[in-house]
Amino acid sequence: METGKISSVNIVRMYMRYLKLERNFSANTLDAYHRDLMHLLDFCEREGLDVGSLALQDMEAFAAQLHEHGVGMRSQARVLSGTRAFFRYLLLEGFVDQDPTELLEWPTLPQHLPEVLSTEEVDLIEASFDMSDPLGHRNRAIVEVLFSCGLRVSELVGLRMSDIYAEEQFVRVMGKGRKERLVPISKRALKELFWWFSDRNRMKIKPGEEDYVFLNRRGSHLTRNMVFIMLKRQAEAAGIQKTVSPHTLRHSFATELLKGGADLRVIQVMLGHEGIRTTQVYTHLDTTTLREEILLHHPRNIQE
């Protein structure tokens with residue numbers, strides 16, 4: 001299977017190198033892109049097609065086969081999105097003359113909106129921690145930092161002591177694609193961190209782990225899974241009847257900013273989103289809140 005003098009497999013290798021070196025994608029993101037492109041290469045091999053000569057009808061057949069093979073709608077959309085990015089690279093590098101995905105119809109996905117916590121519910125979770133537990137202050141600080149800063153869980157577990165600018169009330173965050181951003185941190189979150197630091201300073205920390213903000217009992221930095229499990233258990237202990245994850249607190253952060261009047265572009269920067277469309281999904285307000293806001297602020301509803 002050849003595209004000019006370069007095989008499709010080698011083109012994929014070149015693309016992965018481009019994503020790693022020029023786009024600074026993480027190892028997990030690279031693995032996901034590679035797995036998705038393998039769907040395309042397998043399709044080409046089965047059909048005796050060359051990646052460089054695929055047309056719209058071939059891509060429609062590819063999308064249909066994904067469905068026939070039991071790939072879910074969201075996974076289909078992810079695979080096709082990765083495939084489109086791949087063909088844009090091929091077009092840019094001159095491997096193809098046209099993008100066969102340009103007019104490809106996308107699967108229609110139901111809008112999934114993660115649950116959101118009110119400030120009162122976040123307070124309930126924080127109040128439920130046992131402060132006699134050596135890690136009580138740490139866990140409460142985790143919840144407050146997630147809610148106050150809207151971090152991804154990967155950004156939280158990678159947070160370093162040197163990333164915290166307490167006097168300026170900012171934290172430096174390393175986001176997707178190793179892109180840095182500065183996020184304001186509340187006095188409440190800083191207070192919770194300082195309580196945790198008083199316990200942290202008494203810990204025996206493993207060599208090489210000294211700069212990580214959040215550590216486990218053995219003195220190593222936390223994993224994402226540890227944070228997921230801790231937060232789920234604590235929400236249940238607080239009597240919260242919702243499925244709570246770190247992402248829930250991130251969504252709650254964005255929603256509270258929007259309700260408070262923050263501009264959508266500002267929220268986009270705070271969350272580290274490349275496009276505004278993603279931010280619009282995260283900052284969804286339920287219809288009850290929207291109704292209340294309209295009744296309160298619309299000029300036709302203001303009593304003279």
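**View A. By class, six nonpolar, four polar and six charged residues form the lining of the second largest pocket.** Here Ala, Val, Leu, Ile, Met, Phe, Trp, Tyr, Cys and Pro count as nonpolar, Asp, Glu, Lys and Arg as charged, and the others, Gly among them, as polar. The structure is a predicted model, in which local features need pLDDT of at least 70 and side-chain atom pairs count only at pLDDT 80 or more, while totals for chains, interfaces and linings use all residues. Residues are numbered from 1 along each chain as its sequence is written, and side-chain values use heavy atoms, with hydrogens and water left out. The second largest pocket holds about 360 Å³ of space, a volume being the space filled by probe spheres set on grid points that are joined across faces, edges and corners. A pocket is an open set of points on a 1 Å grid over the protein atoms alone, where a 1.4 Å probe fits and protein lies on both sides within 12 Å along at least five of seven lines; its lining residues have an atom within 4 Å of a point. There are 16 lining residues in this pocket, and those that lie nearest its centre are Leu 135, Arg 138, Asn 139, Arg 217 and Met 230. Helices α6 and α9 each supply at least two residues of the lining, and α9 gives the most, with five residues.

**View B. Leu 193 and Phe 214 touch the most other members of the largest nonpolar core, which has 45 residues.** A nonpolar core is a set of buried Ala, Val, Leu, Ile, Met, Phe, Trp, Tyr and Cys residues joined through side-chain atoms within 4.5 Å. At least two residues of this core come from each of α5 (119–127), α6 (136–149), α7 (153–157), β4 (170–174), α8 (187–200), α9 (224–237), α10 (246–259) and α11 (264–271). Helix α6 provides the largest share of the core, seven residues. Once its neighbours within four places in sequence are left aside, Leu 193 is in contact (heavy atoms within 4.5 Å) with Ala 141, Val 145, Ile 164, Ile 185, Val 213 and Phe 214. A second, separate core has 28 residues, including Tyr 15, Phe 25, Met 59 and Val 71.

**View C. Thr 248, in helix α10, is a buried residue with a relative accessible area of 3%.** Buried means under 20% relative accessible area, exposed over 50%, and partly exposed in between, with a 1.4 Å probe and protein chains only. A polar atom of the Thr 248 side chain lies 2.9 Å from the backbone nitrogen of Ser 245. When neighbours within four places in sequence are left aside, the residues in contact with Thr 248 are Glu 115, Val 116, Leu 117 and Thr 243.

**View D. Thr 119, in helix α5, is partly exposed, with a relative accessible area of 31%.** Although 133 residues separate Thr 119 from Ser 252 in sequence, the two are 8.3 Å apart in space, C-alpha to C-alpha. Not counting residues up to four places away in sequence, Thr 119 touches Phe 147 and Glu 256.

**View E. Asn 24 has a positive phi of about 60° although it is not a glycine, and Gln 169, also not a glycine, has a positive phi near 60°.** Asn 24 is found in the loop between α1 (8–21) and α2 (27–47), and its relative accessibility of 35% makes it partly exposed. Gln 169 has its place in the loop between β3 (164–165) and β4, and it counts as partly exposed at 29% relative accessibility.

**View F. Arg 181, in strand β5 (residues 180–184), is joined through its side chain to the side chain of Glu 155 by a polar contact of 2.9 Å.** A polar contact is a pair of N or O atoms within 3.5 Å; within protein, one must be able to donate a hydrogen and the other to accept it, and residues adjacent in sequence count only if both atoms are side-chain atoms. With a relative accessibility of 9%, Arg 181 counts as buried.

**View G. Gln 268, in helix α11, counts as buried at 10% relative accessibility.** The C-alpha atoms of Gln 268 and Ala 254 are separated by 8.9 Å, and the two residues are 14 apart along the chain. In the protein chain as a whole there are 13 helices and five strands, where helices (H or I, at least four residues) and strands (E, at least two) are DSSP runs numbered from the N terminus. Of its 304 residues, 42% count as buried.
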